Amino acid sequence: MAELKPNVVVIGGGIAGMETAASLAEMGMKVLIVEREDKLGGQASQWACMATDACAKCSACLIEDTIARVSDNANIQILTHAELVGAERKGDVTVLQLQPARGSLKERSGHVQWPLTEETTVQAQAVVLATGFEPFDPKEHRLLSYGHMPEVYTTKDVDELLHEDAIEKFLPEDESLNRVAFIQCVGSRDRKLGREYCSQFCCKTSIRLVNRMKHLKPELDITIYYIDLQIMGKEFRTFYQKTLDKVRFMQGVPAEVRPGSEVNHVKLVGTDPKTGLGLVEEYNRVVLAVGMMPDVRNSRLVEMFGIETNEFGFFTPAKTNGDGQPVTPGVYLAGACTGPADIQVSRLQAMAAVKRIALDLGFGNSSEAAISQQAEV
């Protein structure tokens, strides 16, 4: 293995981590990306392009572009299948202990891999935590029957099937199988589960998914059940307006998914918020719009770096230097590890971290130009 002498180590190879690494490297810094999985891209690497006749502005294409950007930069080294097991601040540097991640390497196609094969120690002036998020596991919502009824999917499941061009696995070619329901806010805005936050990207994800599905199968009859819709931004509101004549939107989310009256049917049971009356409707498939959760391994990083988490488990600096970064020496944050964020918000947070690192490490003269250039992408 080549000797590792980075200025900055980025923990996490998702969009926030890669964007941070690429921007720092383009300023002339030496950067090491440490990724626990066997490939770069994070959760978003399995998200499908949502384009129909026009671009849906889903940003999925940015993942492949950014992977190429970091792979081709001579200032960036990459370690996949690598796990951080220790960190200690010594003077002006942080000493990191890395070891191969647990489990065997998976055979994957598409990208050159850079697996860590032996324990190693790295020193760096700065460490960026960009560890991303985990999708909510809807099995915690037992009444929604995920994992018990094959007709119930998550937005993540459907997204991955579309990524594989395999929508027929979701809905086989059968004219009678054409009713689909989306249930929003599964694992978000839920006081009983201690997750009262909005995951921000779920509404946009569902709306883009239904447009893509209607493009592929125009005969689909789709309903979206929601609490309220988070469709901020002029551009996306226009996109949403174009969806209104294709999809039925129903306020109020069903409380339970039960077996239907026929094979391949399920019943959604709930209460109509307008009338207070019981609501029962049948569909062929149900899609649960699952929210974001903090990575369960965040607690180990909290101990290593002395930072804090909020009440939901996302990283949060107890004190900041004015731009949202912690005052913990040499430690910076970027992306959904700090709270729910989509691809574009994660990139903006990466740019904030880049600016602070560049100033702290004395690269301030080149930081503004590089950040401005990337903000236009």
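I began with strand 9, which three bridges join to strand 16 (residues 285-290), the two running parallel; strands here are DSSP runs of E of at least two residues, helices are runs of H or I of at least four, and both are numbered from the N terminus. Within this pair I found T154 opposite L288 in strand 16.

I noted that the model is predicted, so that local features need pLDDT of at least 70 and side-chain atom pairs count only at pLDDT 80 or more, while totals for chains, interfaces and linings use all residues. Residues are numbered from 1 along each chain as its sequence is written, and side-chain values use heavy atoms, with hydrogens and water left out.

Next I looked up the sheet, an open one of five strands in the order 9-16-10-11-12 with parallel pairing, where two strands pair if DSSP finds at least two bridges between them. Strand 9 (152-154) and strand 12 (248-251) are the edge strands, each pairing on one side only.

I then turned to the helices, taking contact as heavy atoms within 4.5 Å and angles as running from 0 to 180 degrees between N-to-C directions, with axes fitted to C-alpha atoms, for helices over the stretch in contact. Helix 3 (residues 155-163) packs on the sheet and touches strand 9, strand 10 (179-186) and strand 16, its direction making about 80° with that of strand 9. Helix 5 (residues 202-216) lies across strand 10, strand 11 (221-226), strand 12 and strand 16, and runs at about 165° to strand 10.

Last, for the whole protein chain, I recorded nine helices and 20 strands.
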